[in-house]
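Let's take a friendly look at a protein model together. Keep the structure open as you read, and try to find each part as it comes up.

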Amino acid sequence: MSALLDVAGIEKKFGGVAALSGCTLSIARGKISGLIGPNGAGKTTLLSVISGALSPDKGTVSFDGRDLGGLPPHRRAAIGLVRTFQIARELENLTVFENVVLAGSSPEEETTFRALFKRRGLKQSQALVFERAETILKRAGLWHVADNLASALSGGQKKLLELARALMLRPKLVLLDEPAAGVAPPLVKSLIGFIRELAAEGITFGIVEHDMHLIASLCDEVHVLAEGRLLVSGSFDEVSRDKRVVDAYLGRAA
Amino acid sequence: MTAYLVTILILASISAIVALGLNIQWGVAGLVNFGVVGFYSVGAYATAIVALGGGGAWGGLLAGVLASAVLSALIALLTVRLTDDYLAIVALGLAEVVRLVLLNEAWLTGGPLGISGIPRPFAGLVTEANYPVLLLGMILLALAATLLFAEALVRSPFGRALRAVRDDDTVAAALGKDALSLRIKAFAAGGAIIGLAGALHAFYITYIDPSQFTSIVTAYAFMAVIAGGRGSNIGLIIGAGSIMALLEATRFLKDFIPFLDGTKLAALRLAMIGAGIVLLLIFRPQGAMAEPRLSARASRPEAELKPDRLSERKVLPHAS
């Protein structure tokens, strides 16, 4: 079993604070991997380094056998490495449908030339994007609000929209940053079902989450981060029994 | 009276074209260009210099559009990594640099005296007295063509990507959009349109000097876009028209307020426009019209979408 994503020896400092200090881990192809750890462990920073939003001081990120060093975020998204955000970041002045169609449109369709010339071909390729957008919005349970502005969605719906947007990019790996944060419990349940369905279709997931119920019920493997590096990896049962993990969350006994 | 109306229509159309350019840059792509007048004057001067230097009226027009577009692309290239406020400062500074160059490089620009005798397109066809009507026809054609161009851009996948970059460039990048390149293209496209307006200005006045290019040009363009609704090309035509109508209508105030002299009245008119914009922002911040959106119901007619009206609401003005 080969790893889809390999992160090796990542270091990232913000001023004097080391957010990541030699973080090394890998995400297995076709699995759902959880990434947990106490606040300040460096989970979101790691996600930003992997997605290219932050460049690391040291270390390498390789995806699908390719070193991603220096590749800007939009190029990483284009090769199938897609992330979502901790606080849902919808494009507020675009409708739900537009958010999803945007993600599904290619750079070739978004040139000024195509806006002015050869518009028939563009119309045809866009029609295919519209069709996929409908399919994915229906699966995400957002079709009935497709023409509403994205800012009018509830917190949970915004999380679903982020996932739907990510799917439009035909991702190999989706990194979810706290998908259950601020989401009503019944919606968390349907979110878990949706993610499991997508994983069965071959999409690899990496999930940062504090909701242990979600981690326990979804993840094949869990990586525990503490103080900017990997503490331990294993199944949820294994890591939840690990003394080092308990110490990291609760503090060491005197 | 006809001459007066023709003048008003020409001025309103030129300012509407400027606003169309600004709308692509600021309304759609979120790039705060406080230096509109700089690009406008570069368009006018490039037109005059090339037209008089042997390029003729049409060569001048082309030069005006290209000069402003290239300058815009260069500025965008230099500043595209800056966030909103800093781009605004750079653009403001650029307009000032352009003004100083026009004022001081007399060998090229005629300095404070400006450039006169700018050749006009189709000037031989009609008499001098009738020319403004012909020019108005051409300017209306230019306005229509610009409107079509801007609408095609705004409603295309390109325009959608620009709106995404405007709303949140981090998210746009996470969705595979190259925000830097999109911004440069938007700034250059808007700059080309503003340059076109500058060229038309040169053809209309036939004599240009630095005093014609003050920051009020920038202010009118922003007012038109705000009043019309950011992102809406049709709306801003209404906006530009209303502002011109208001400006001209208040000219007749002197008949009703005899105790104010011309200078005071001019200041009062500007103050009224300013108050109008403030009121508009309080009571209708989204402007006259919303930006065009891609409707799921229209795009997938067979999918029977029942719209969910409960959660519909407006979120303008854009946070930027």
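## About the model

This is a predicted model, in which local features need pLDDT of at least 70, side-chain atom pairs count only at pLDDT 80 or more, and totals for chains, interfaces and linings use all residues. Residues are numbered from 1 along each chain as its sequence is written, chains are lettered from A and ligands numbered from 1 in the order in which they are written, and side-chain values use heavy atoms, with hydrogens and water left out.

## A sheet in chain A

Find the open sheet of four strands in chain A, with the order β2-β1-β4-β5 and antiparallel pairing. Its edge strands are β2 and β5 (66–67) of chain A, each pairing on one side only. Strands (E, at least two residues) and helices (H or I, at least four) are DSSP runs, numbered from the N terminus, and two strands pair if DSSP finds at least two bridges between them. As background, strands of a sheet pair through backbone hydrogen bonds, either parallel or antiparallel.

Strand β1 (residues 3–14) of chain A is joined to β2 (residues 17–28) of chain A by nine bridges.

## Where the chains meet

How many residues of chain B are in contact with chain A? There are 46, and they touch 42 residues of chain A, where contact means heavy atoms within 4.5 Å. The area buried between the two chains is about 4000 Å², with carbon and sulfur atoms giving 61%. Buried area is the accessible area (1.4 Å probe) that two parts lose on being put together, summed over both. In chain B, Arg160(B), Leu175(B) and Arg300(B) lose the most area to chain A, together 16% of what that side buries.

Arg300(B) also forms a salt bridge with Glu134(A), their closest N and O atoms being 2.5 Å apart. Between the chains the count is four salt bridges, each a side-chain nitrogen of Lys or Arg within 4 Å of a carboxyl oxygen of Asp or Glu. On the side of chain B that touches chain A, α6(B) supplies the largest share, eight residues.
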